[in-house]
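Here are my notes on the model you sent over. Have a look at it first, then read on.

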Amino acid sequence: MAEPSIPRATAKRLPIYYRYLKFLLDAGKTRVSSTELSDAVKFDAATIRRDFSYFGALGKRGYGYDVESLLDFFAKILNQDTLTNVALIGLGNLGHALLNFNFHKNSNVRVSAVFDINQELINTIQSGVPVYDIKDMVNQIQDQRIEIAILTVPQSEAQATTDLLVKAGIKGILNFTPLRVTVPEKVRVQNVDLTNELQTLIYFIENYSEQSIN
Ligand SMILES: NC(=O)c1ccc[n+]([C@@H]2O[C@H](COP(=O)([O-])OP(=O)(O)OC[C@H]3O[C@@H](n4cnc5c(N)ncnc54)[C@H](O)[C@@H]3O)[C@@H](O)[C@H]2O)c1
């Protein structure tokens, strides 16, 4: 997957643009202005124009953006044309919730393999996805050519599991554990921390209540 050199904040907004454009296309809309987009996705129009400018001059003055070509363009960047298989490591409370969700709607990402140490789970099918013994993880990930993993093991297991993932050749880890895992430079880690997100939200509400928080 080619990685375009766009700011991280822009990259994080892309799936949101993509989902809304898909909605517009399904509703039969052929074009959209940055102001309309702004109302829908709640980023200001200048941010949207700047984001889109990173991909070249896509909009036309007085016309707005062509929904279909914008969607095609984003689909390629987001790799929506190919199904991305993801491994889920640790099928506890959080792992189950993510597996049940399984990213089906509006996305070409799915969890295709689960790994755990719990003998009651190993060799079962959960939400349509096979659960493997963690001991088989390196082989399975390599055989299935999985490049992305979601980490939902206890904190105490996070680094050792990450080391195994690195050994298996994984390229990206969505880390839900509180540990900031250490990885070689070529591996990308995205940390998800709901407490942090909530605290950020509270901070913005308390300090910038009159302004947009995007
Ligand atoms: N980021 C967030 O906002 C957020 C929210 C909740 C929980 N968490 C974190 O997510 C992780 C999971 O939380 P939970 O509540 O689902 O825990 P849990 O105890 O319910 O589940 C952990 C699962 O990991 C499995 N496991 C243990 N060691 C393993 C190993 N070495 N290899 C593979 N599987 C292993 C267990 O058998 C269990 O199924 C924890 O690190 C927790 O701190 C993060």
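The numbered points below go from the overall layout down to single residues.

1. **Ground rules.** This is a predicted model, where local features need pLDDT of at least 70, side-chain atom pairs count only at pLDDT 80 or more, and totals for chains, interfaces and linings use all residues. Residue numbers start from 1 along each chain as its sequence is written.

2. **Overall layout.** The protein chain has 8 helices and 9 strands; these are DSSP runs numbered from the N terminus, with helices as H or I of at least four residues and strands as E of at least two. Its C-alpha atoms fill a box of roughly 60 × 40 × 30 Å along the principal axes. The chain splits into domain 1 (8–77) and domain 2 (84–195), with bounds that come from an automatic or database domain assignment. The C-alpha centres of the two domains are 31 Å apart.

3. Of the 214 residues, 21% count as buried. Buried here stands for 20 or more other C-beta atoms within 10 Å of a residue's own, exposed for 12 or fewer, and partly exposed for anything in between, with C-beta atoms placed from the backbone. Among contacts with a separation of 6 or more, 55% come from residues 24 or more positions apart; a contact is two C-beta atoms, placed from the backbone, within 7 Å.

4. In α3 (residues 45–53), Ile 48, Asp 51 and Phe 52 are buried. They sit on the same side of α3, because they cover an arc of only 95 degrees around the axis, the arc being that of the directions from the helix axis to the C-beta atoms. An α-helix has 3.6 residues a turn, so residues three or four places apart point the same way. The cover over the buried residues of α3 includes α1 (8–26) and α2 (34–41). Exposed Ala 46 and Ser 53 are on the face turned away from the buried side.

5. UniProt, in an unreviewed entry, lists residues 16–55 as "DNA-binding region". Keep in mind that UniProt positions are given in the numbering used here, feature names are shortened, and annotations may be inferred rather than shown by experiment. In the model, the span is 70% helix and 5% strand, and its end C-alpha atoms lie 16 Å apart.

6. **The sheet.** What is the strand order in the open sheet? The 7 strands run β5-β6-β4-β3-β7-β8-β9, with mixed pairing; two strands pair if DSSP finds at least two bridges between them. β5 and β9 (188–191) are at the edges with a single partner strand each, so one side of each has no neighbour in the sheet.

7. **Parallel neighbours.** β3 (residues 84–89) is joined in parallel to β7 (residues 148–151) by 4 bridges, and β3 also pairs in the parallel sense with β4 over 6 bridges. Ile 89 stands opposite Leu 151 in β7, and its bridge partner in β4 is Phe 115. Further along, 4 bridges link β7 in parallel to β8 (residues 172–175), where Ile 173 is the bridge partner of Ala 149. β7, α7 (residues 155–168) and β8 make a right-handed β-α-β unit: with the strands pointing away from the viewer, the path from the first strand over the helix to the second runs clockwise.

8. An unreviewed UniProt entry places "binding site" at Gly 90, Leu 91, Gly 92, Asn 93, Leu 94 and Gly 95. Why does Leu 91 count as buried? Because 25 other C-beta atoms lie within 10 Å of Leu 91. Beyond its neighbours within four places in sequence, the contacts of Leu 91 include Val 114, Asp 116 and Val 131. Gly 92 is partly exposed, with 13 other C-beta atoms within 10 Å.

9. **Two backbone angles to look at.** Asn 123 has a positive phi of about 65 degrees although it is not a glycine. Asn 123 lies in the loop between β4 (109–116) and β5 (125–126) and counts as exposed, with 10 C-beta neighbours inside 10 Å. Arg 145, also not a glycine, has a positive phi of about 55 degrees. Arg 145 lies in the loop between α6 (137–143) and β7, and is exposed with 8 C-beta neighbours inside 10 Å.
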